[in-house]
Amino acid sequence: MTDQQIRETIIANWFTKTHREIGLLVGLSVDAVRDRGRRMKLGSKGLDFSGKLRKYKQDQEPKDEPPVDPKELILGDLTKRKESAKVKELERKYNYLLQEYDQSEKRFDALLNIKEPISIGKIEQLASSSKHEAVPIIQLSDWHFEERVDAHTINGLNEYNLEIAAYRWNKCIQNSLKLVHKERNSSEIKQLCLWLGGDFITGYIHEELEESNYLSPTQATRFAKEKIIVAIKFYLEHGKFDKITIPCNFGNHGRTNQKPRVSTGYKNSYEWMMYQDVADYFQGNKKVEFIIPNGLFAYVDIMGHMNSFWHGDSIKYGGGIGGLTIPLIKAIQRYDQQCKADYNWMGHYHQLWQATKNCIVNGSGIGYGPYAQRIGAVPEEAMQGFSLMDNKYGLTIKTPIYCR
């Protein structure tokens with residue numbers, strides 16, 4: 001073994017072996033090993049000259065640690081868990097803020113896009129030659145001309161007598177023609193459909209009406225006949241119509257007997273007779289056409305759309321949640337199986353409204369009364385219906401004709 005190898009072996013084993021053990025490894029005596037250690041200055045750091053490990057080596061040996069209290073371990077674990085929960089909560093909030101920031105960036109970008117310049121076009125004005133042909137439909141029904149409505153019997157909500165009836169009738173006819181002239185600004189109107197929907201008189205269908213009505217049924221019929229003739233002459237003179245089509249329906253009030261009849265209803269109706277007399281009055285006038293059915297419906301083709309006109313007393317309902325709408329829809333479905341109609345027109349219920357997509361219910365000329373108050377009907381002022389049938393779009397305008 002060379003001197004260099006002896007030196008490296010002594011250094012490598014100085015702190016772990018005794019002088020004797022090192023001497024056996026390198027082939028030297030204990031004194032020779034100790035002498036070599038002095039010269040290499042190893043004695044002061046690890047071994048004394050007796051060949052025993054010094055305190056420095058003892059200090060390097062692991063020492064037994066005191067036992068750990070389990071409570072301290074549990075408290076430590078709890079602390080770590082809390083700290084972990086806090087970290088997760090912070091991460092959640094951080095991710096939420098990142099999402100909010102991303103959304104804010106998107107909204108800001110959208111606002112910037114709105115501010116981007118756009119190309120502004122131009123809408124050309126339609127020429128007058130582009131007007132569509134249309135037919136106005138004026139609904140006249142439920143006037144009950146001779147019936148009395150005393151204001152004190154319905155809390156002052158309405159009053160009706162012969163003078164008020166005549167005034168309302170004249171205003172209704174005048175206002176209806178105003179609406180026609182208004183629609184002529186955008187439509188070509190050459191024809192008029194004037195519906196006479198029944199219940200122009202109240203009659204004696206209830207005993208109390210014999211006491212309260214201003215006129216008897218025959219007198220009331222003559223009163224109504226005069227008003228209708230005057231109205232038709234007004235439209236002919238001032239309406240500038242090439243043709244006036246007048247579908248007629250008799251109501252449930254103007255009957256000669258107490259109980260309504262079905263197959264012979266027209267034979268016992270003052271109004272059916274009145275319509276025939278009015279038609280005779282205008283006989284020979286080619287501009288006027290009357291449609292007076294003996295049954296329930298009057299069908300009229302208007303601008304290519306089939307229209308069904310009927311008084312409305314055939315629809316019955318018991319005041320259910322759906323009101324008139326549900327039984328009306330069912331009835332129209334049944335009626336359409338007989339003759340399909342695109343639109344339906346009815347009265348009887350004294351409320352002007354579009355009950356279904358294809359059915360308009362007319363208001364009344366008499367307005368609110370004791371019977372309406374008794375059944376809990378909503379008060380509605382006297383009004384009739386005005387609609388416009390366009391040859392391209394079908395039924396378009398639907399608006400009230402106020403009788404004042």
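Let's start with a word we'll need: two residues are in contact when they have heavy atoms within 4.5 Å of each other. What you're looking at is a predicted model, where local features need pLDDT of at least 70, side-chain atom pairs count only at pLDDT 80 or more, and totals for chains, interfaces and linings use all residues. Residues are numbered from 1 along each chain as its sequence is written, and side-chain values use heavy atoms, with hydrogens and water left out.

Leaving aside residues up to four places away in sequence, Tyr 335 touches Leu 296, Phe 297, Trp 310, Ser 314 and Ile 315. Take Phe 297: it sits 38 residues from Tyr 335 in sequence, and their C-alpha atoms are 9.6 Å apart. Is Tyr 335 buried or exposed? It counts as buried, because its relative accessibility is 12% (buried means under 20% relative accessible area, exposed over 50%, partly exposed in between, with a 1.4 Å probe and protein chains only).

Helix 10, residues 325-338, lies across strand 8, strand 9 and strand 10 (359-361), at about 60 degrees to strand 9. For such angles, axes are lines fitted to C-alpha atoms, for helices over the stretch in contact, and angles run from 0 to 180 degrees between N-to-C directions.

Those strands are part of an open sheet of five, in the order 6-7-8-10-9, with mixed pairing. Strand 6 (298-302) and strand 9 (353-356) are at the edges; each has a single partner strand, so one side of each has no neighbour in the sheet. From one strand to the next, the twist averages 25 degrees. Two strands pair if DSSP finds at least two bridges between them. Strand 7 (residues 305-309) and strand 8 (residues 343-346) run parallel and are joined by three bridges; Ser 308, for one, has Asn 344 in strand 8 as its bridge partner. In the loop between strand 8 and strand 9 you'll find His 348, whose phi is near 75 degrees, a positive value in a residue other than glycine.

Another residue with a positive phi is Asp 199, with a value near 55 degrees. Asp 199 lies in the loop between strand 3 (191-196) and helix 7, and is buried at a relative accessible area of 1%. Glu 210, in helix 7 (residues 207-212), is partly exposed at 46%.

Over to helix 2 (residues 19-26) and helix 3 (residues 30-39): their axes come within 8 Å and cross at roughly 100 degrees. That makes helix 2 roughly perpendicular to helix 3 (under 35 degrees counts as roughly parallel, over 145 as roughly antiparallel, 65 to 115 as roughly perpendicular and the rest as oblique). His 19, Arg 20, Ile 22, Gly 23 and Val 26 in helix 2 meet Val 30, Val 33 and Arg 34 in helix 3.

Finally, zoom out. The protein chain has eleven helices and twelve strands. Its radius of gyration is 53 Å, well over the 22 Å that the globule rule gives for 404 residues, so the chain is more spread out than a compact globule. That radius is taken over C-alpha atoms, and the rule is 2.2 Å times the number of residues to the power 0.38. Along its principal axes, the C-alpha trace spans about 160 × 55 × 40 Å.

Technical notes
Helices (H or I, at least four residues) and strands (E, at least two) are DSSP runs, numbered from the N terminus.
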